[in-house]
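User: I am new to this structure. Please take one part of it and look at that part closely, then show me how it sits in the rest.

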Amino acid sequence: MLFSCSVLLCSLALDYKFSEVSRHHPLVYFGNLALYVERKLNLTQSAAKVPNFSVYLLGICAWILVVLPITYLSYVIEQSLISQGLIGDFTAVIYASIVLYVALGWRSLLEHAAAVTKPLKAHDIEGARKALSMIVSRETAQLDECQISNAATESVLENGGDAIFSAIFWFMILGVPGVVLYRLSNTLDAMWGYKNSRYFYFGWAAARIDDVLNYIPARLCALSYALLGNTRSALHCWKVQGVNWKSPNAGPVMATGAGAINVRLGGGSVYHGQYQERPILGPEQGEQATCISVDAACFLVNRTLTLWVVVLLALSAWCY
């Protein structure tokens, strides 16, 4: 536990100091590998009709092929360092800190949010739309100020769970291989998890595995949001609205976060040229989303991260 907390503090310090790796990010290379494997194995690109079961199996095989070898390699490196004694332990801390730092997206999330709110506060709608397009999959060209703020607030709340708390959870549970397994799986879900003709069957495994890995940490994140905001409203929104969202994990996180900061989110939007009506999230009498809502979401994420660090340090001291 002491080892894990030391790594967590070092990785957060690295993330705070350097933010996201700007060049040669390991996940970029992983994404290129995943794209290559998908092009070779996804039969829906080369045949109009194929047995669905075959594509399911190929999607599972592709996931195994790109995720498990890297996860196992990370485990072998970690164990080889630990087995070397005192010097190995120190090196293992450095190694694990770098891996967790790469997997985290704390400062990057805040920077992307600030890139949206800065032009909003200057009434530069085009600049805000452009910045928002970097962090959401919906079309942003026609969004107004409220819709931009809505999307950015949702993104901060949801990605706080994905990019920060789920990564920390799996590192604390399974160490380096745990966070590597989670981050690679989450990346594949972002690449293959679409319900379109290309990925509906092939990406099924990637989407479901990510759902499973996020299930517990997403609910711990939602509970933390509730404790650090308007608790009664947050828990009510979680209970009533969280189950209605298309994602079993994003729903509770965003609904609870919206209730915690008293803002109305959700509603229809355009994704890949198609309009999708989505449920409303947040209190019925909640405030309309503005740049202040985005800042409030960032503040909630920061307070939640502080709570997690304090709790983990307390547990480490108690175990020690």
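**A close look at Asn 214**

Analyst: Start with one pair of side chains. Those of Asn 214 and Tyr 182 are joined by a polar contact of 3.2 Å. The model is a predicted one, and the distance is computed from it.

Where does Asn 214 lie? Its place is helix α8, which covers residues 204-227. Is Asn 214 buried or exposed? Its relative accessible area is 2%. Buried means under 20%, so Asn 214 counts as buried.

Tyr 182 is one of several residues that Asn 214 touches.

Now the helix itself. Helix α8 is 24 residues long. From first C-alpha to last it reaches 34 Å, close to the 34 Å expected at 1.5 Å a residue. Yet α8 is bent, by about 45° at Tyr 215. A proline, Pro 217, follows within four residues.

Next, the nonpolar core. In soluble globular proteins, nonpolar side chains tend to be buried together. The largest nonpolar core here has 85 residues. Ile 164, Ile 168, Leu 188 and Trp 192 have the most contacts inside this core. Helix α7, residues 145-192, gives the core its largest share, 22 residues.

Take Trp 192 from that group. Neighbours within four places in sequence are set aside again. Trp 192 is then in contact with Ala 34, Glu 38, Gly 59, Ala 62, Trp 63 and Val 66, among others. Its list also includes Tyr 199, Phe 202, Gly 203 and Ala 206.

Gln 241 has a relative accessible area of 14%. That is under the 20% cut-off, so Gln 241 is buried. Beyond four places in sequence, Gln 241 is in contact with Ala 255, Ile 280, Leu 281 and Gly 282.

Finally, step back to the whole chain. It has 11 helices and five strands. Its radius of gyration is 20 Å, close to the 20 Å that the globule rule gives for 320 residues, so the chain is as compact as a globular protein of that length. Its C-alpha atoms fill a box of roughly 60 × 55 × 35 Å along the principal axes. Of the 320 residues, 48% count as buried. Among contacts with a separation of 6 or more, 72% join residues 24 or more positions apart.

Notes:
Residues are numbered from 1 along each chain as its sequence is written. This is a predicted model: local features need pLDDT of at least 70, side-chain atom pairs count only at pLDDT 80 or more; totals for chains, interfaces and linings use all residues. Side-chain values use heavy atoms; hydrogens and water are left out. A nonpolar core is a set of buried Ala, Val, Leu, Ile, Met, Phe, Trp, Tyr and Cys residues joined through side-chain atoms within 4.5 Å. Buried means under 20% relative accessible area, exposed over 50%, partly exposed in between (1.4 Å probe, protein chains only). Helices (H or I, at least four residues) and strands (E, at least two) are DSSP runs, numbered from the N terminus. Contact means heavy atoms within 4.5 Å. A polar contact is a pair of N or O atoms within 3.5 Å; within protein, one must be able to donate a hydrogen and the other to accept it, and residues adjacent in sequence count only if both atoms are side-chain atoms. The expected span of a helix is 1.5 Å times one less than its number of residues. The bend at a residue is the angle between axes fitted to the seven residues ending there and the seven starting there. The radius of gyration is taken over C-alpha atoms; the globule rule is 2.2 Å times the number of residues to the power 0.38.
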